[in-house]
Amino acid sequence: MNTCAIAQPTRAVAPQASCTTRKQDRCVAAAPSARVSHVASARLSARRSTGSTAFAATRTSARQNMRRTATVVAEDAAETTEEARTMDINEIMAVLPHRYPFLLVDRVTELYSGKSAKGYKCVTVNDNFFPGHFPGRPLMPGVLQVEAMAQLGGLVLLPPGDSEAGTDQIFFFGGIDSCRFKKTVIPGDKLEMEVELIKMNPRFGIAKMKGKAYVDGTLACEAELMLVLAKDKK
C-alpha cells in the first residue's frame, strides 16, 4: 500500500544572534548611559567644588569680621581706659576767656579732651541777671543756659592754658539747632551740664556738639551747638 508522505509545515527559526553581536548591542546601548553618567559626575564635581569655594569664602569673611570686631573692641577698651580730668574754677579760668559776670561754669567733674565733658553751675540769687529777669519771679534766662553749655563745650575743644597767660585760642558761636527748654531754672538750683563732640572739621576749626542741662535729674535744656575756633588776638 502506497502511502503518501504528508508534507509537514516547516517552522521559521529565528536566527540566533552570535555572542559577539550581543556584546556589541550591549556596548551600543551602554554608551549613552556612560556618557550621561560622566556628565552627571562632572556636574557633581563642579557643585562640590563650588560649594567648597563658597564655604571657604564664607569662612574667610567670618574670620575677617571677627578680626574687625576684635579691633573695634580693642579701640573701645583703649578709649574707656583713658582717665577723665577734673577742673576747678582756677583751671577753668586758665582756659576760658570769660570773666564775671559771664563765666557760667563753676566746676568740671569729667573731661575727656576732644570728646566730652560734664560740669555744673551753681545758680544763686546773687547772679546779676536775676534782678531784671524777672522782678518778683527770678528765672535763669534760657539763652544763658545755652551759653553755659557752650562754655563747657569750649573746655572740650581748647587746649590747657597757663594760669596767667591763658590759651592762645578762643571760640565763637556758629549756630544753635534743635534747642528746647523743658524746665525753669531758679535760684538754688544746680545746673548740671554735659556736652559731647559730634563732628569736627579741623581745617576750618568748626565743631558741632550736643549739649544737655539737668536740674535734679530732670532735663531742663538741650541743644545742638556749633562752635568756631579762632586765634585769640591779644
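Select Asp 189 and show its neighbours: leaving out residues up to four places away in sequence, Asp 189 touches Lys 121, Cys 122, Val 123, Thr 184 and Val 215, where contact means heavy atoms within 4.5 Å. The model is predicted, with pLDDT of at least 70 needed for local features and 80 or more for side-chain atom pairs, while totals for chains, interfaces and linings use all residues. Numbering runs from 1 along each chain as its sequence is written, and side-chain values use heavy atoms, without hydrogens and water.

Stay on Asp 189, in the loop between β4 (169-181) and β5 (190-201); strands are DSSP runs of E, at least two residues, numbered from the N terminus. Asp 189 is buried, that is, under 20% relative accessible area with a 1.4 Å probe and protein chains only. Asp 189 has no salt bridge, a term for a side-chain nitrogen of Lys or Arg within 4 Å of a carboxyl oxygen of Asp or Glu. Lys 183, the nearest side chain of opposite charge, is 4.8 Å away. Next, pick the backbone nitrogen of Ile 186, which the side chain of Asp 189 reaches at 2.9 Å.

Now select Lys 190 and Tyr 120. The charged end of Lys 190 sits over the Tyr 120 ring, 4.1 Å from its centre; the criterion is NZ of Lys or CZ of Arg within 6 Å of the ring centre and within 35 degrees of the ring normal.

Finally, go to Gly 205, in the loop between β5 and β6 (206-215). Gly 205 counts as buried because its relative accessibility is 9%. Beyond four places in sequence, Gly 205 touches Met 200, Leu 227, Val 228 and Leu 229.

Terms used
Helix = DSSP H or I, 4+ residues; strand = E, 2+ residues; numbered from the N terminus. Buried < 20%, exposed > 50% of the residue type's maximum accessible area, 1.4 Å probe, protein only. Lys, Arg positive; Asp, Glu negative; His and termini not counted. Polar contact = N/O pair within 3.5 Å; in protein donor to acceptor, adjacent residues only side chain to side chain.
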